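User: I would like to go through the terms used for this model one at a time. Please set each value against its definition.

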Amino acid sequence: MEKGSLKDYLAKAKKEGWALAHFNFSTLDQLHAIVQAAHEESAPVLVGTAEKELQFFGAEEAAALVRIFRKRGAVVFLNADHCTSVQSAIAASVAGYDSVHIDLSKKSFEENMKGTKEVVELVKKKRPEVQVEGELGYLVTDSSKVYREKVVIPEDSYPKVEEAVRFVQETGIDRFAPAVGTIHGIVEGAPFFEELRMDLISRLSQALPNITLVLHGGSGVSQDQVKRAIALGMNNVHISTDLRVVYRAALAAKLQEDPDVMAPYSYLEPAAAAVKQLVKDRLILFGASGRVNA
């Protein structure tokens, strides 16, 4: 297969039973590490900025850098993760993102559907090739951090299958992110998840055979659980907190080891190396390694 579009690789993942990985970044060294790991693994990769990351990094800057990496041969795509308003999703699309994730999951079903449909219509009118992801149900935590208490996931946070089918059909989204038992962040001592809602993943996959299902909150979930979710149809998996944890730990260790170090590249290098290794591990786990030109 020639190097294709995001749509091409998601279709390939669905057909072949693996998952396209999505990694969040907020600094240039993190982005470099993710792209280098994917390129070395011959894996396509989706990189993303949530709203605060986008504001910190810059939308046009992120889009320009991804274009540069693609010119150098990397198969990398850029997603505006968890846009919480129609306006922010549209702005990311205008800035050059390959994908926008409109997350109105905390609103009512009807408000969510209306806003998501509006994003699809506005984005596709200007840039038909841009993918739009919508979300239904809700993750009970908002922050990508380490929690030190048990997180209880209420039953009403999960979407109903019949509503999911209506949501996908009426909004026209390209990817669908249902809440299936993950959280944003990880719990100390993770993985704490005894069981994702595999029954729900299976029913959604059967009811929505022509759309990519997205697993948000992949950090902290056991390898076995991730593999089972992918086998059942979760063909796009998001990782953020795991990267932040190893990045911060490696940075802290370097500064403790050499408290007088002043050159930023000296203490950022081990942090980026830790990110790169974790990305490689996840690409292998998700079955994404070797999929470029395969």
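**Terms and values**

User: What covers the buried residues of α4?

Analyst: The cover includes α2 (28–40), β2 (45–49), α3 (51–57), β3 (76–83) and α5 (86–95). The model is predicted, with local features needing pLDDT of at least 70 and side-chain atom pairs pLDDT 80 or more, while totals for chains, interfaces and linings use all residues. Residues are numbered from 1 along each chain as its sequence is written, and side-chain values use heavy atoms, without hydrogens and water.

User: What makes α4 a helix, and how does its span compare with the expected one?

Analyst: Helices are DSSP runs of H or I with at least four residues, and strands are runs of E with at least two, both numbered from the N terminus. Helix α4 (residues 59–71) has 13 residues. Gly73, with a positive phi near 110 degrees, follows α4.

User: Which residues of α4 are called buried, and which are exposed on the other side?

Analyst: Buried means under 20% relative accessible area, exposed over 50%, and partly exposed in between, with a 1.4 Å probe and protein chains only. Ala59, Ala62, Ala63, Val66 and Phe69 are the buried residues of α4. They lie on the same side of α4 because they cover an arc of only 120 degrees around the axis, the arc being that of the directions from the helix axis to the C-beta atoms. Glu60 and Lys71, on the other side, are exposed.

User: Why is Trp18 called buried?

Analyst: The relative accessible area of Trp18 is 0%, so Trp18 is buried. Trp18 sits in the loop between α1 and β1. Contact means heavy atoms within 4.5 Å. Gly287 is 269 residues away along the chain, yet the C-alpha atoms of Trp18 and Gly287 are separated by 5.0 Å.

User: Which residues touch the most other members of the largest nonpolar core?

Analyst: A nonpolar core is a set of buried Ala, Val, Leu, Ile, Met, Phe, Trp, Tyr and Cys residues joined through side-chain atoms within 4.5 Å. Phe23, Ile34, Val47, Phe176 and Phe286 touch the most other members among its 88 residues. Helix α11 (residues 264–285) gives the most to this core, with seven residues.

User: How do you know that β5 and β7 pair?

Analyst: Two strands pair if DSSP finds at least two bridges between them. Strand β5 (residues 131–136) and strand β7 (residues 175–178) have four bridges, in the parallel sense. Pro178 in β7 is the bridge partner of Leu136. β3 and β4 also pair in the parallel sense, over three bridges, and Ala80 stands opposite Val100 in β4.

User: Which strands form the closed barrel?

Analyst: The eight strands run β1-β2-β3-β4-β5-β7-β9-β10, with parallel pairing. Neighbouring strands are turned by 25 degrees against each other on average, direction ignored.

User: How does α5 run relative to β4?

Analyst: Axes are lines fitted to C-alpha atoms, for helices over the stretch in contact, and angles run from 0 to 180 degrees between N-to-C directions. α5 lies across β3 and β4 and runs at about 175 degrees to β4.

Conventions. Expected span 1.5 Å × (residues − 1).
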